[in-house]
Each structure stands twice: as C-alpha cells, then as structure tokens.
Amino acid sequence: MLNNTNMEQNTNNIELLNKITEFINSIGISCKPSSVKRDSFLPGVDIINGGIVYDADQLLSPGDLLHEAGHIAVLKEQDRKDVTSPEVSGDLDPGGAELSAIAWSWAALKHLDIDPEVVFHDQGYKGDADNIIDNFRREHYFGVSMLQWFGMTNERQHDGTGGDILYPAMQYWLRQN
C-alpha cells in the first residue's frame, strides 16, 4: 500500500518522465514506452534504430532517458538513424561519445530545469555522479568542445567570449556535422 510520500514521489516521477520524453520527442528523437529486454545495457532503456524505448517500471531514473538521448544526438545524422545499443558511438571513440553525452545531458537538464541528480544519480556513472555534478556546477565543463565542434553550441573562451549562444544553452540539440 502506498503512503502519501510514496504517492507524491510516484506522481513526481510520472510528471518528470513525461517532461523528459516530450522534450526528447520534440527534438526529433523517438522516445516511447515499450518492453525492454532485462539484460539491456541500462536497466529499462534500449536504443533501437535511432529511437529510445523504455520500460518505466525498470528505469533507475527518468534522467537515464536524457543521457541516452545525448548519445543519439551527438551522432552524425546517418548514424543517428540506425544506431542500436549497445554500440552507440558512431564515428566517435567510446570515450568521446560518453563525454559528449554527459555534456549534452547537462545542457538538457538545465534547459528543462530539473535537478542534476535526476540524470547523474548514485546508481550510474561508476560512482562518479557527484563529481560530475560538482564539476559542472563549478562550470568546469568537459565534452563541450566536442559539442561546439559538432555545431551544437559555443564554449566560453578564457577571455569571456565565445559567441551568441554559450553552453549550457544549445543552438541545436542534434549534431549538425
């Protein structure tokens, strides 16, 4: 039986899940509920033919959908259409793909005004979620230079310049080159 705290948390998770999936779909990445194999790389989430499918009951956090969307968003258009997990790097090395997806995820959570702990939670990121949050809150960003190279945003330069759209704001949510 759910008590009031559990009911409130469940309602908040549903609202958060809806907010995240609506955003992902609005930028051109399909994100829909479906059955997900139990041995998927990330519990409750799979990437199939360029889209995200998820099982809300298996998700560790709705924020995992944003991170997986980041993996798709940083791929070249031709790779984006066909990407299927677990291989989600496209033309990028796995480390570069991960750094780019982390930076993209931070920009998305700022855009959506959600808590960083929703994406960077204790069950993910090999125990480094708190370090990621701490670095990004201090504006010690990593992976942003790749987003700039992809034509998605501009990195602030040491002299404070960098363009009209500066990270974490995004000019484009999907890779342009």
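Begin at the crossing of helix 4 and helix 6, which is right-handed; keep in mind throughout that the model is a predicted one. With helix 4 (residues 94-112) and helix 6 (residues 129-137) both selected, the two pack at an angle of about 65 degrees, and their axes lie 12 Å apart.

Serine 105 has a relative accessible area of 0%, and because buried means under 20%, it is classed as buried. Leaving aside residues up to four places away in sequence, serine 105 touches Leu66, His67, Val119 and Phe120.

From His67, one of the residues that serine 105 touches, move to the largest pocket, where His67 is among the lining residues closest to the centre, together with Phe41, Glu68, His71 and Glu98. The space in this largest pocket amounts to about 560 Å³, and 24 residues line it. If you colour by element, helix 2 (63-73) and helix 4 are the ones that give two or more residues to the lining of the largest pocket. Colouring by class instead gives 11 nonpolar, 7 polar and 6 charged residues in that lining.

Now select aspartate 57, in the loop that runs between strand 3 (51-54) and helix 2. Aspartate 57 counts as exposed because its relative accessibility is 78%, and exposed means over 50%. A distance drawn from the C-alpha atom of aspartate 57 to that of glycine 44 comes to 7.2 Å, although the two residues are 13 apart along the chain.

With a relative accessibility of 26%, aspartate 79 counts as partly exposed. Its C-alpha atom is separated by 8.0 Å from that of glycine 50, which is 29 residues away along the chain. For the contacts of aspartate 79, display Gly90 and Asp91, both of which it touches when residues up to four places away in sequence are not counted.

The next stops concern the backbone. Select serine 85 and proline 86, which are joined by a cis peptide bond with omega of about 15 degrees; proline 86 sits in the loop between helix 3 and helix 4. Then go to tyrosine 167 and proline 168, where a cis peptide bond, with omega of about 15 degrees, is again found, and where proline 168 belongs to the segment after helix 7 (144-149).

Finish with two residues of positive phi. Tyrosine 125, which is not a glycine, has a positive phi of about 60 degrees and is placed in the loop between helix 5 (116-119) and helix 6. Glutamate 139, likewise not a glycine, has a positive phi of about 60 degrees and lies in the loop between helix 6 and helix 7. Which of these labels, buried or exposed, applies to tyrosine 125? Tyrosine 125 counts as buried, because its relative accessibility is 17%, under the 20% cut-off. Glutamate 139, by contrast, counts as exposed at a relative accessibility of 54%.

Note on methods. Residues are numbered from 1 along each chain as its sequence is written. This is a predicted model: local features need pLDDT of at least 70, side-chain atom pairs count only at pLDDT 80 or more; totals for chains, interfaces and linings use all residues. Side-chain values use heavy atoms; hydrogens and water are left out. Buried means under 20% relative accessible area, exposed over 50%, partly exposed in between (1.4 Å probe, protein chains only). Contact means heavy atoms within 4.5 Å. Axes are lines fitted to C-alpha atoms, for helices over the stretch in contact, and angles run from 0 to 180 degrees between N-to-C directions. Helices (H or I, at least four residues) and strands (E, at least two) are DSSP runs, numbered from the N terminus. A crossing is left-handed if the near helix is turned anticlockwise from the far one by less than a right angle, and right-handed if clockwise. On a 1 Å grid over the protein atoms alone, a cavity is a set of points where a 1.4 Å probe fits but cannot get out, and a pocket is an open set with protein on both sides within 12 Å along at least five of seven lines; lining residues have an atom within 4 Å of a point. Grid points are joined across faces, edges and corners, and a volume is the space filled by probe spheres set on the points. Ala, Val, Leu, Ile, Met, Phe, Trp, Tyr, Cys and Pro count as nonpolar, Asp, Glu, Lys and Arg as charged, and the others, Gly among them, as polar.
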